[in-house]
Amino acid sequence: MASIRTLHQQLVKKERSAIEITQEALERIQAVEPQLHSFLQVTADHALAQAKQVDDRIAAGEDIGWLTGIPIGIKDNLCTQGIRTTCASRILENFVPPYESTVTAKLAEAGMVMVGKTNMDEFAMGGSTETSAFQLTANPWNTSRVPGGSSGGSAAAVAAGECTVSLGSDTGGSIRQPASFCGIVGMKPTYGLVSRYGLVAFASSLDQIGPFARSVEDAAILLGAIAGYDPKDSTSLKVAVPDYTRFLTPDLKGKKVGVIRETFGEGLDPEVEKVVQQAIAQLKALGAEIREISCPRFRYGIAAYYIIAPSEASANLARYDGVKYGARVANADNLLEMYKRTRAEGFGAEVKRRIMIGTYVLSAGYYDAYYLKAQKVRTLIKQDFEQAFEQVDVLVSPTAPTTAFELGGKTTDPLSMYLVDLMTIPVNLAGLPGLSVPCGFDSQGLPIGLQIIGNVLREDQVLQVAYAYEQATEWHKQDPQLT
Amino acid sequence: MTTVAPVKTQYEAIIGLETHCQLSTQTKIFSSSSAEFGAPPNTNIDPICMGLPGVLPVLNQKVLEYAVKAGLALNCEIARYSKFDRKQYFYPDLPKNYQISQYDLPIAEHGWLEIELVDKQGNATRKRIGITRLHMEEDAGKLVHGGSDRLSGSTYSLVDYNRAGVPLVEIVSEPDMRSGQEAAEYAQELRRVMRYLGVSDGNMQEGSLRCDVNISVRPVGQKEFGTKVEIKNMNSFSAIQRAIEYEIERQIQAIEAGEKIIQETRLWEEGAQRTISMRVKEGSSDYRYFPEPDLGPIEVSTEQLEQWQLELPELPHQKRQRYEQDFGLSPYDARVLTDDRNMAAYFEAAIATQANPKQAANWLMGDISGYLNNEKLSITEIALKPETLAELIGLIENSTISSKIAKDILPELLTQGGSARELVERKGLIQISDTGALEAIIDQVIADNPKELEQYRNGKTKLLGFFVGQVMKQSGGRADPKQTNQLLAKKLNP
């Protein structure tokens, strides 16, 4: 689909109505969904009603904002009042939230049109969207490949033009990695910049909501709309939200860019490495000063993450017990059996695996050896980043060690699946902003992403570097050739 | 078992209490639903206290204030940096299947509460009970089981989440108590403190004050503690005392009989007046505590702490001491008057309008308390104002009325209010102290009873009482008794 800027101008000039734009999205969805399965639910009636309201406002001569009338896809772990929110899990298959998440409320207030709820790994646990209990989503660039995950539906939908932008959530790379796999822009903001109220929790200290877009500018506009302090989220930061678009300048003179040494080497696909090195050369050509930076504890990120995230998840997912809402098995003989069978039947294998890991590592006698130690590692990783940002403005790395892999390629090997988030996880552990911007393709035509990491609340720097790079290249203008 | 009595003294009981106290905030600890007791099931609920997917807790700042004030009143050290943790266990009354509580960094620690025990002779002994810790947490919902009073054996269970998320402080004492009386007094004093602070109503029937007792016995002189048993389900202070007394006896008898005390949780059965085994503890429960990631650390600034310290009211033990020292009240009277903060406030208001403290205490503890008990009213619900009580006492002191008349008119003042003097005047109840008026009545009485006069003058002097009675009768009880006696004596013995 066209950019936010283009669509906005069409609306303001009354060249197109919001209903026409929405219909374009809905028609595209109808055309490509049989191949992609990006959406768990298409909310056509809801979208058309929202679009109608926008058209009424325009007809009444009201001024509209950048996002008014723009079609958006929402990851299905964001609660939408009166609209099913499943987290791609059987246990919430028929759960209809009685309340609205802060971010979707903000977007509705801004006049955005929600076209549907997107597919994801169950409870956002996975790197390929294959742990969804309901469907597999295909990569628009090659439908035998995964779109990445866990926000695979949101990434695929934007890449395939089913909506202009979308929201995902990122706990260990779940926005940046699918953005990389699908050739679009995806951003995880600083922890606390965006309210988590209404985001179904996976790992509370790591989860952040962020935008997917076809361009850095669209991502910056959407980020500005969802960011900001929320009294309903005690971890949200009391900071003023700038207009991020004003940082989007093409010049990188004087900008210090650090290349994380530890992200190049073993495990990195040579084609990805080559493309990312070219991107770094491009940054240098744009005036950036390139430095190699070492983050020695970076490689312990995955180990620490797979202690901390499952620990929090094991508690966060305890509430799905069949008592209050969600699925409950019929005819359980007693309470314990109801608990056991509801959870055994309601959760998929990956979710169960993480609940078991988390339960184990928090158990008496193991807490110090695992959870406490992982928290110490987390502190050390943060320190590595702090030292790095004393020397440079942003850090860069490949977003993912490979391009999109075959559907079913890693589902039998959880450890290899965990490694796809190698580059992104440390950023969540440190709570920093990170963005993936398209930086080329491999020999099979699969997109590759460049990860740009900023210091705490330095979204401006991240967006500026991404924008300058994007404007100097053509990668983001490529469209997947879906038939 | 008759051999037990002589050896009982060789044992001592080691008792500690864990008290859960609901804080009387308007809303819940992490959400905006009403925390009020008694609403229809599942009406005071919201997505947050129900643990719906995606919701987040936000700490009610009033809870922190109340907890810190309680900690200060219990002489605790207040943690300047503290945090919440998740305590995990599955139960249908716990919506998230974890309770947001405080584990290793409670808001308050290392305090003490002084209790006062008054014996039958009115002598007071004081004892400090250590407070190990006080922490904040959320309450769970309430289960109602069908077909059984417990989960096991029930055919279905209903759950009411009105109570889920109601703020609690858990107060853990040191094992410093040695008898049921001490434990009951500790619990009572704790409730007084909470009520004085205005942070909890401490209603045991409604479950806003719940005490669990840990108790063991050991031979006097032994250093190691005996095996500890937990007792639950006491709904009154006297139940706490009786449960402990029962349990001490039971444990001593078991030890005497060569049995081993099992570490277990026992239930107090009010009907049968005994404890029964509920469950045996197999090792310690593993709650898999970890820091609550949805809530930031709790930091209390010096300014805030000083402010809250300044806001603390005079506490029960301070009041008791003041009443004894300043008003010369007995420890018993001081204790009775300060038991209820409103009663104490009433007493002090009466004193402030110049009532004699001892007289005011007597009226409040005697006739007025009797009336309150009969009518099931509290001191704040009567029409008699403290200044009127002072006025009434003043009328007796300056001989305007007799205390008999005062007692007679009290019911009307209690129900109707108004000025005591006006009532006395309106009813013509002012004491007759005028010699002339009294003499007239006396002369008439003597004239009306010639037979009794003769008997009296023949030596039956006991009849003085009869004449006094007649004068009182004739005067409608208004004759000044002292003067009447004097004048009568004069007239009967010319």
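Analyst: Helices (H or I, at least four residues) and strands (E, at least two) are DSSP runs, numbered from the N terminus. By that rule, B:Thr19 lies in strand E1 (residues 11-22) of chain B. This is a predicted model, in which local features need pLDDT of at least 70 and side-chain atom pairs count only at pLDDT 80 or more, while totals for chains, interfaces and linings use all residues. Residues are numbered from 1 along each chain as its sequence is written, chains are lettered from A in the order in which they are written, and side-chain values use heavy atoms, with hydrogens and water left out.

B:Thr19 is buried, its relative accessible area being 1% (buried means under 20%, with a 1.4 Å probe and protein chains only). Leaving aside residues up to four places away in sequence, B:Thr19 touches, among others, B:Val169, B:Ile171, B:Tyr186 and B:Cys211; contact here means heavy atoms within 4.5 Å.

The contact between the chains draws 30 residues from chain B and 40 residues from chain A. Together the two chains bury about 2,700 Å², of which 61% is on carbon and sulfur atoms; this buried area is the accessible area (1.4 Å probe) lost when the two parts are put together, summed over both. In chain B, the residues that lose the most area to chain A are B:Pro53, B:Leu56 and B:Phe90, together 22% of what that side buries.

The rule finds one salt bridge across the interface, a salt bridge being a side-chain nitrogen of Lys or Arg within 4 Å of a carboxyl oxygen of Asp or Glu. A:Arg196 forms a salt bridge with B:Asp294, and their closest N and O atoms are 3.0 Å apart. On the side of chain B that touches chain A, strand E4 (85-88) and strand E15 (290-291) each supply at least two residues.

Of the 483 residues in chain A, 63% are buried.

Methods. Buried means under 20% relative accessible area, exposed over 50%, partly exposed in between (1.4 Å probe, protein chains only).
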